[in-house]
Amino acid sequence: MYQFDISSGSKADLYHDLHAALDALTAGEADAVANMANASALLWQYLPDLNWAGFYRMVAGELVLGPFQGKAACIRIPLGKGVCGTAAASGETQVVADVHAFPGHIACDAASRSELVVPIVRDGAVLGVIDLDSPEPGRFDAEDAAGCEALAALLSTRL
């Protein structure tokens, strides 16, 4: 059983501790699905105000649902569609304060109000995305983006 000392202090401390925990969970494990599963569980457990935390994997030119925590989700997302498809197509993190204002938003869970999607990139290729949803409008900010980008960089070497 894993036990982690995750900070309840600043957001920077929280993401520092999450990075250390994810490093410990995935070190030496070559299976991408196992690493994404543990990462989604870690994010779900320690990030407040989420209603979905998981991954979409790049498979044959489209995003396909990967390991996650939360309600059942959309299985396939075309590149350029919705927040996840936009992040994967552009290779850029998407911080969306109000998903209802995002053109082409794909509503897998009607309770979601804000979203953070971070591409996982290795050698210039998008391997997938980390997708976090919240029922709280404006839940995610630049600190969340930077923290999740660091997690994605770590995962890019372990998927």
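This is a predicted model: local features need pLDDT of at least 70, side-chain atom pairs count only at pLDDT 80 or more; totals for chains, interfaces and linings use all residues.
Six strands make up an open sheet, and their order across it is E3-E2-E1-E6-E5-E4, with antiparallel pairing. Strand E3 (76–78) and strand E4 (94–96) lie at the edges; each has a single partner strand, so one side of each has no neighbour in the sheet. On average, and with direction ignored, neighbouring strands are turned by 20° against each other.

Helix H3 (residues 82–90) touches strand E1 (52–59) and strand E2 (62–70), along with E3, E4, E5 and E6. The direction of H3 makes about 30° with that of E5. Helix H4 (residues 142–156) also packs on the sheet, where its contacts are with E1, E4, E5 and E6. For H4, too, the angle with the direction of E5 is about 30°.

The remaining pairings described here involve E1. On one side, E1 pairs with E6 in the antiparallel sense over six bridges, and Gly54 has Asp131 in E6 as its bridge partner. E1 also pairs with E2, again antiparallel, over seven bridges. In that pairing, Met58 stands opposite Leu63 of E2.

Attention can now turn to another pair of helices. Helix H1 (residues 11–26) packs with helix H2 (residues 32–46) at an angle of about 150°, and their axes are 10 Å apart. Angles over 145 degrees count as roughly antiparallel, and H1 and H2 are therefore described in that way. Their crossing is right-handed. On the H1 side, the contact is made by Leu14, Leu18, Ala21, Leu22, Leu25 and Thr26; H2 contributes Asn35, Asn38, Ala39, Leu42 and Tyr46. Of the residues in this contact between H1 and H2, eight are nonpolar and three are polar, while none is charged.

How values were computed:
Residues are numbered from 1 along each chain as its sequence is written. Side-chain values use heavy atoms; hydrogens and water are left out. Two strands pair if DSSP finds at least two bridges between them. Helices (H or I, at least four residues) and strands (E, at least two) are DSSP runs, numbered from the N terminus. Axes are lines fitted to C-alpha atoms, for helices over the stretch in contact, and angles run from 0 to 180 degrees between N-to-C directions. Contact means heavy atoms within 4.5 Å. Angles under 35 degrees count as roughly parallel, over 145 as roughly antiparallel, 65 to 115 as roughly perpendicular and the rest as oblique. A crossing is left-handed if the near helix is turned anticlockwise from the far one by less than a right angle, and right-handed if clockwise. Ala, Val, Leu, Ile, Met, Phe, Trp, Tyr, Cys and Pro count as nonpolar, Asp, Glu, Lys and Arg as charged, and the others, Gly among them, as polar.
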